[in-house]
Amino acid sequence: MNGMMDPDALAMRSEARAVSVNRIYNFVYGWMAVGLAISGIVAWVVANAIRAGEFPLTRGLWMLCALVEVGLVMAISWGFRKLSPLAAAVLFAIFAAVNGMTLSVVLLVYSVATVQLTFFITAGMFAGMALIGTLCERSLSGIGRICVMALWGVIIASVVNWFMRSSTLDFAISLIGVVLFTGLTAWDAQKVRLLAEQEGALDGATVRKLGILCALELYLDFVNLFLYLLRLLGNRRN
């Protein structure tokens with residue numbers, strides 16, 4: 001009992017807890033950064049290869065990459081309990097690389113200056129909402145679920161507009177998409193905090209796999225927020 005009331009012991013426990021929480025944040029956001037770096041490098045290499053005529057990224061191949069991405073996200077999200085931490089990390093890295101191939105089109109459609117400016121705007125918005133989600137004591141699960149349901153509507157509207165080619169509808173979809181992924185960023189950032197708080201009740205392998213899953217969700221939030229902002233703010237090449 002005296003040991004529990006010892007200020008030095010309490011300070012040591014508090015310090016150990018802080019180190020543990022920081023380790024979770026570093027792991028999740030570190031893997032997210034790795035994913036973004038992989039995608040950026042692959043997108044740059046593929047875009048240059050396409051310009052040089054060395055890599056024909058046809059519409060069929062682009063669609064195949066998109067389908068592979070969906071399959072990888074489902075494998076990580078739904079099958080993470082059966083995956084080892086290493087397997088989950090490898091699948092995430094493969095997903096980031098494949099997504100980099102699809103994102104190479106962005107570097108062909110928009111100028112480098114536009115892409116860079118939109119990236120920095122996205123980074124600022126993402127950091128702000130991630131901080132809000134981390135510090136907010138009120139559960140954001142309700143907002144997150146609403147955003148997910150609304151996202152299905154955006155997907156359906158995007159498919160419809162694929163045939164309609166309406167600039168007005170495209171603007172509305174892009175604006176709603178920015179709002180939705182801004183909300184999802186805060187929700188997913190709060191999940192990271194909850195994971196850090198529950199770390200002591202989970203085994204190490206589960207914590208690492210959940211960390212990879214959180215990194216994937218935050219990666220998707222960032223990329224989609226970037227793409228919707230690019231559609232709103234970017235000027236296409238002539």
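**Before you click**

This is a predicted model, where local features need pLDDT of at least 70 and side-chain atom pairs count only at pLDDT 80 or more, while totals for chains, interfaces and linings use all residues. Residues are numbered from 1 along each chain as its sequence is written, and side-chain values use heavy atoms, with hydrogens and water left out.

**The whole chain**

Colour by secondary structure. You get eight helices and zero strands, and reading along the sequence gives α-α-α-α-α-α-α-α. Helices here are DSSP runs of H or I with at least four residues, strands are runs of E with at least two, and both are numbered from the N terminus.

Now colour by accessibility. Of the 238 residues in the protein, 38% are buried. Buried means under 20% relative accessible area, exposed means over 50%, and partly exposed is in between, with a 1.4 Å probe and protein chains only. As for contacts (heavy atoms within 4.5 Å), 86% of those with a separation of 6 or more are between residues 24 or more positions apart.

**Select H5 and H8**

Pick residues 112-135 for H5 and 204-233 for H8. Their axes are 9 Å apart and the packing angle is about 130°. Axes are lines fitted to C-alpha atoms, for helices over the stretch in contact, and angles run from 0 to 180 degrees between N-to-C directions. That angle makes H5 oblique to H8. For the labels, under 35 degrees is roughly parallel, over 145 roughly antiparallel, 65 to 115 roughly perpendicular, and the rest oblique.

Look at the crossing too: H5 passes H8 in a right-handed one. A crossing is left-handed if the near helix is turned anticlockwise from the far one by less than a right angle, and right-handed if clockwise.

Show side chains at the contact. On the H5 side you'll find, among others, Thr 118, Ile 121, Thr 122 and Met 125, and on the H8 side residues including Leu 218, Asp 221, Leu 225 and Leu 229. By class, the contact has 13 nonpolar, three polar and one charged residues. Nonpolar covers Ala, Val, Leu, Ile, Met, Phe, Trp, Tyr, Cys and Pro; charged covers Asp, Glu, Lys and Arg; the others, Gly among them, are polar.

**Zoom in on the rings**

Which residues form one aromatic cluster? Select Phe 119, Phe 120, Phe 126, Phe 222 and Phe 226. The structure holds nine aromatic pairs. Rings of Phe, Tyr and Trp (its six-membered ring) pair if their centres lie within 6.5 Å; planes under 30 degrees apart are stacked, over 60 edge-to-face, and the rest tilted.

Stay on Phe 126 and Phe 222: the ring centres are 5.4 Å apart and the planes sit at 65°, so the pair is edge-to-face. Phe 126 is in H5 and Phe 222 in H8, so the pair ties together parts that are 96 residues apart in sequence. Both Phe 126 and Phe 222 are buried.

H7 passes H8 in a left-handed crossing, and the contact residues divide into 18 nonpolar, six polar and six charged.

H6 and H7 pack at about 155°, axes 9 Å apart, so H6 is roughly antiparallel to H7. Their crossing is left-handed. Residues in the contact include Ala 150, Leu 151 and Val 154 of H6, and Ile 176, Leu 180 and Trp 187 of H7.

**Two last clicks**

Arg 165 has a positive phi of about 60° although it is not a glycine. Most residues other than glycine have a negative phi. Arg 165 is exposed, at 61% relative accessible area.

Finish on Gly 133, back in H5. Is Gly 133 buried or exposed? Gly 133 counts as buried, at 0% relative accessibility. Leaving aside neighbours within four places in sequence, Gly 133 touches Leu 140, Ala 186, Ala 189, Gln 190 and Arg 193. Draw a C-alpha distance from Gly 133 to Gly 183: the two are 50 residues apart along the chain and separated by 9.0 Å.
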